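Here is a short report on one protein chain. Keep the sequence and the 3D view side by side as you read.

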Amino acid sequence: MSALGDMRQDVADVVNAATSIKSFVFAPARLIVPSAVVMPGSPYVESGPTFGTLTANFSVELIMGTAANQVVASGLDDQIENAIVGLVNAGYSIQNASTPYALEANGQQYLAATISVNNSIRP
């Protein structure tokens, strides 16, 4: 696998371990919730902070299951915090976490949030 693919898998593994939510490195054909989907960020790769390095950006979509609004909102807050702590402890930089939003998939709406993550890579 490429360095980008390895890092993307590592992000998914870290999020899975930190949240106990099934993590994917691609958008699954049929969404299973709760889940975390690691996608390329924008820009995917850019110049790094030091000479000769590049920075890879990823978006981690945390998607919660359906339940009472209070339960889902509280659960999403907990999972955002768990994912951020796990990623920071693994050496990733967190750019931001989005405002929770309604994600439509499988003909239903789910509460979701996006965590923007990056890390340096060497070409």
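Asn-106 sits in the loop between β5 and β6. Helices (H or I, at least four residues) and strands (E, at least two) are DSSP runs, numbered from the N terminus. This is a predicted model, in which local features need pLDDT of at least 70 and side-chain atom pairs count only at pLDDT 80 or more, while totals for chains, interfaces and linings use all residues. Residues are numbered from 1 along each chain as its sequence is written, and side-chain values use heavy atoms, with hydrogens and water left out.

Asn-106 is not a glycine, yet its phi is positive, about 55°. Most residues other than glycine have a negative phi, and most peptide bonds are trans.

β5 and β6 form a hairpin, with 2 residues between them. Strand β5 covers residues 101-105, runs antiparallel to β6 and is joined to β6 by 5 bridges. Two strands pair if DSSP finds at least two bridges between them. Ala-105 stands opposite Gln-108 in β6.

**Other backbone features**

Ser-20 also has a positive phi, near 60°, and is not a glycine. Ser-20 lies in the loop between α1 and β1. Ser-20 counts as exposed because its relative accessibility is 68%.

**The chain as a whole**

How many helices and strands are there in the chain? There are 2 helices and 6 strands. Along the sequence, they follow the pattern α-β-β-β-α-β-β-β. The C-alpha atoms fill a box of roughly 50 × 25 × 20 Å, taken along the principal axes. A compact globule of 123 residues would have a radius of gyration near 14 Å, and the chain agrees, with 14 Å. That radius is taken over C-alpha atoms, and the globule rule is 2.2 Å times the number of residues to the power 0.38.

Of the 123 residues, 39% count as buried. Now take contacts between residues at least 6 apart in sequence: 55% of them join residues at least 24 apart. Contact means heavy atoms within 4.5 Å.

**Helix α1 and its cover**

Helix α1 has 17 residues, and at 1.5 Å a residue it should span 24 Å. The end C-alpha atoms of α1 are 24 Å apart, which agrees. The expected span is 1.5 Å times one less than the number of residues.

The buried residues of α1 include Met-7, Val-11, Ala-12 and Val-15. What covers the buried residues of α1? The cover includes β1 (22-24), β2, β3, α2 and β6.

Ser-23 belongs to strand β1. Ser-23 counts as buried because its relative accessibility is 13%. Its side chain reaches the backbone oxygen of Ala-12 at 3.3 Å. Not counting residues up to four places away in sequence, Ser-23 touches Ala-12, Val-15, Asn-16 and Ala-36.

**The cores**

The largest nonpolar core has 23 residues. Such a core is a set of buried Ala, Val, Leu, Ile, Met, Phe, Trp, Tyr and Cys residues joined through side-chain atoms within 4.5 Å. Val-11, Val-15, Val-60, Leu-62, Leu-87 and Ile-115 touch the most other members. Two or more residues of this core come from each of α1 (3-19), β2 (35-47), β3, α2 (69-89) and β6 (108-121). A second, separate core of 7 residues includes Leu-31, Val-37, Ile-63 and Ala-112.

Leu-87 is in contact with Val-11, Val-14, Val-15, Tyr-92, Ile-94 and Val-117, leaving aside neighbours within four places in sequence.

Ala-56 is in strand β3 (residues 54-63). Ala-56 is buried because its relative accessible area is 0%. Leaving aside neighbours within four places, its contacts are Leu-4, Met-7, Tyr-44, Val-117, Asn-118, Asn-119 and Ile-121. Ala-56 and Val-11 are 45 residues apart along the chain, and their C-alpha atoms are separated by 11 Å.

Conventions
Buried means under 20% relative accessible area, exposed over 50%, partly exposed in between (1.4 Å probe, protein chains only). A polar contact is a pair of N or O atoms within 3.5 Å; within protein, one must be able to donate a hydrogen and the other to accept it, and residues adjacent in sequence count only if both atoms are side-chain atoms.
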